[in-house]
Amino acid sequence: MNKLKLRLQLEQYFLEDIGDRDLTSELIFGDGQTGKVVFIAKENGIFCGEEIIREGYAVLHSSVDIDLKVQDGEKIEKGQILAEAYGPAAILLKGERVILNLLQRMSGIATKTNEAVRILNSSHTKICDTRKTTPGLRMLEKYAVRYGGGFNHRYGLYDAVMIKDNHISFAGSIAKAVEAARSKIGHMVKIEVETETKEQVMEAVEAGADVIMFDNRKPEEIKEWISLVPEKTLTEASGGITLENLASYRDTGVDFISLGFLTHSVKALDISVEVTVE
């Protein structure tokens with residue numbers, strides 16, 4: 001994770017929550033009042049967010065000491081202590097909500113990703129995310145996917161060419177869209193084409209796409225169409241895939257399955273904070 005970017009983002013998150021000051025904590029606690037906050041898992045899952053605790057409190061105050069009990073990607077159980085932070089009571093409380101919100105969301109994503117990987121149970125096909133992330137949280141959410149055992153799709157519109165149905169409609173055909181993109185990009189950039197019919201798959205192959213996505217296709221269709229794709233060309237399945245039907249895609253032969261629900265509608269993992277005043 002890019003620590004400079006993380007710090008800048010944390011500063012923005014704290015600014016949104018704290019504003020000019022934490023009125024309640026600053027009025028109640030003096031500068032010399034110290035204490036401890038303990039982060040505790042309230043349900044089983046996969047932990048993610050150790051840098052959120054470290055960098056979060058470091059942004060607020062240099063004298064907060066952190067004792068992490070777990071690492072990113074580690075399985076955690078209900079009742080387990082995840083981390084302890086020691087320092088000025090006002091600072092500990094000031095940072096609590098932002099840090100806890102991020103911890104819960106990232107751990108929820110890591111947990112859901114890990115569940116998807118286990119359900120798919122494939123040594124070949126990889127689970128990956130999409131761009132359906134929360135604005136402002138993409139770096140953190142994609143980080144959580146990796147520590148849940150998944151892989152990252154493109155980070156944004158800038159790092160890969162992905163020709164979707166609307167691009168094809170405007171360009172006139174898959175061949176024209178691929179040709180236009182290929183003529184203007186460097187050799188390090190891959191081109192992915194979204195397909196919905198067997199004819200589109202064949203057109204994408206003929207056009208020289210690097211990755212072919214089977215969009216909203218049933219496993220039986222993918223098994224049939226994938227035989228049309230050269231071995232050197234990567235394949236991806238996306239759309240209409242849930243935890244309930246994920247296992248049925250295990251033997252399709254696709255290289256990747258991208259799942260938007262890993263980030264766009266995931267349930268936060270339940271984590272609480274207990275406070276001790278010293």
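Where is N216 found? In this predicted model, local features need pLDDT of at least 70 and side-chain atom pairs count only at pLDDT 80 or more, while totals for chains, interfaces and linings use all residues. Residues are numbered from 1 along each chain as its sequence is written, and side-chain values use heavy atoms, with hydrogens and water left out.

View 1. N216 sits in the loop between strand 9 (211–215) and helix 9 (219–225); helices (H or I, at least four residues) and strands (E, at least two) are DSSP runs, numbered from the N terminus. With a relative accessible area of 45%, N216 is partly exposed (buried means under 20%, exposed over 50%, partly exposed in between; 1.4 Å probe, protein chains only). Its side chain makes a polar contact with the side chain of D215 at 3.3 Å, and a polar atom of the N216 side chain lies 3.4 Å from the backbone nitrogen of G240. A polar contact here is a pair of N or O atoms within 3.5 Å; within protein, one must be able to donate a hydrogen and the other to accept it, and residues adjacent in sequence count only if both atoms are side-chain atoms. Not counting residues up to four places away in sequence, N216 touches S238, G239 and G240 (contact means heavy atoms within 4.5 Å).

**View 2. T130 in its loop.** Look for T130 in the loop between strand 6 (126–128) and helix 5. T130 counts as buried, at 12% relative accessibility. The T130 side chain reaches the backbone nitrogen of K132 at 3.0 Å. Leaving out residues up to four places away in sequence, T130 touches K142, H153, S258, L259 and G260.

**View 3. The largest nonpolar core.** This core has 41 residues, and those with the most contacts inside it include F39, Y57 and L82. A nonpolar core is a set of buried Ala, Val, Leu, Ile, Met, Phe, Trp, Tyr and Cys residues joined through side-chain atoms within 4.5 Å. Among the elements giving two or more residues to this core are helix 1 (3–18), helix 3 (50–60) and helix 4 (89–120); helix 4 gives the most, with 10 residues.

**View 4. Around L82.** Leaving aside neighbours within four places in sequence, L82 is in contact with F39, I40, A41, F47, L68, K69, V70, I76 and I271.
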